[in-house]
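Colleague: I have a structure open here and have never seen it before. Could you walk me through it?

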Amino acid sequence: MKPLKDWDNLKNGFTFRQIYPSGWGSLSGRPHLGLDKIAGAGTKLYMPFNGKVEAHDGIQGGNCLWIFPNGKNIIIRYMHMLNRVNNGNFKEGEVIGQVGSTGASSGNHLHCDISQGSVQISNINNFIDPETFNWETKQGEQMSVIEELQKACAEKDQTIIARDKTIAELQSACLTKDSVVEDLTQKNALIGKDYKNAITDNVKLKKKLDILTNKPNNDLGANWSLLAWIKSTIKKINERK
Ligand SMILES: [Zn+2]
């Protein structure tokens, strides 16, 4: 587990590899070896893994604990502690101290750093960033670069999949709209044809109606008189017989 219960929500002080500004004596201009978590005096500090603990004292670190997790080649250091346990073996989750401001400290906070193999304070590359350290797995190892890249790739893949899905949905929506437009165009053409037919039929019907009601009709008048002439001529021929 993480050293503090509220680890993720607590404000950071100096972060990993942050350069100490002037005013920090021999530390000024040098990189910070770990991560500072700002918390109230007396906040409980937990044993992160099963393992051994050693109490150390320092001018800079104040009351310190060095933690040696079982089966892992790392050393985790807590510094500036108000109170702490004595040397011994502890189980993950046991309270092993409290946040304080002992040593070279400007306020209550936990300084936590993690070394690989041995503590080499002049070799920053031997330290692991507590923020990228995997506190939650039983391996308790730093997430490898490959794992981080795989995770990043998997996230990008999800983004691409989501984008492809959106594109497919939009294409499908476009096709649907196209077919609706096509359908409406066809219907419009049919309605237009029906309308023209209706007009033509109406004209024909009006002409018929005019004939039936004997209305004078310029178009048909000539035909009528021609027909009357033919009829009277036939009548006259028949009369001569
Ligand atoms: Zn610190």
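This is a predicted model: local features need pLDDT of at least 70, side-chain atom pairs count only at pLDDT 80 or more; totals for chains, interfaces and linings use all residues.

Colleague: Which residues of the largest nonpolar core touch the most other members?

Modeller: Of its 24 residues, those are L45, L65, Y78, M81 and L110. A nonpolar core is a set of buried Ala, Val, Leu, Ile, Met, Phe, Trp, Tyr and Cys residues joined through C-beta atoms within 7 Å, and buried means that 20 or more other C-beta atoms lie within 10 Å of the residue's own, with C-beta atoms placed from the backbone.

Colleague: And what is M81 in contact with, beyond its neighbours within four places in sequence?

Modeller: Its contacts (C-beta atoms, placed from the backbone, within 7 Å) include L45, C64, L65 and T102.

Colleague: Switching to strands, how does β3 run relative to β4, parallel or antiparallel?

Modeller: Strand β3, residues 51-58, runs antiparallel to β4 and is joined to it by 8 bridges, with E54 opposite W66 in β4 and a hairpin of 3 residues linking the two strands. Strands here are DSSP runs (E, at least two residues), numbered from the N terminus, and two of them pair if DSSP finds at least two bridges between them.

Colleague: Where does β7 come in?

Modeller: Strand β7, residues 88-90, pairs with β3 in the antiparallel sense over 3 bridges, and V53 stands opposite G88 there.

Terms used
Residues are numbered from 1 along each chain as its sequence is written. A residue is buried if 20 or more other C-beta atoms lie within 10 Å of its own, exposed if 12 or fewer, and partly exposed in between; C-beta atoms are placed from the backbone. Two residues are in contact if their C-beta atoms, placed from the backbone, lie within 7 Å. Helices (H or I, at least four residues) and strands (E, at least two) are DSSP runs, numbered from the N terminus.
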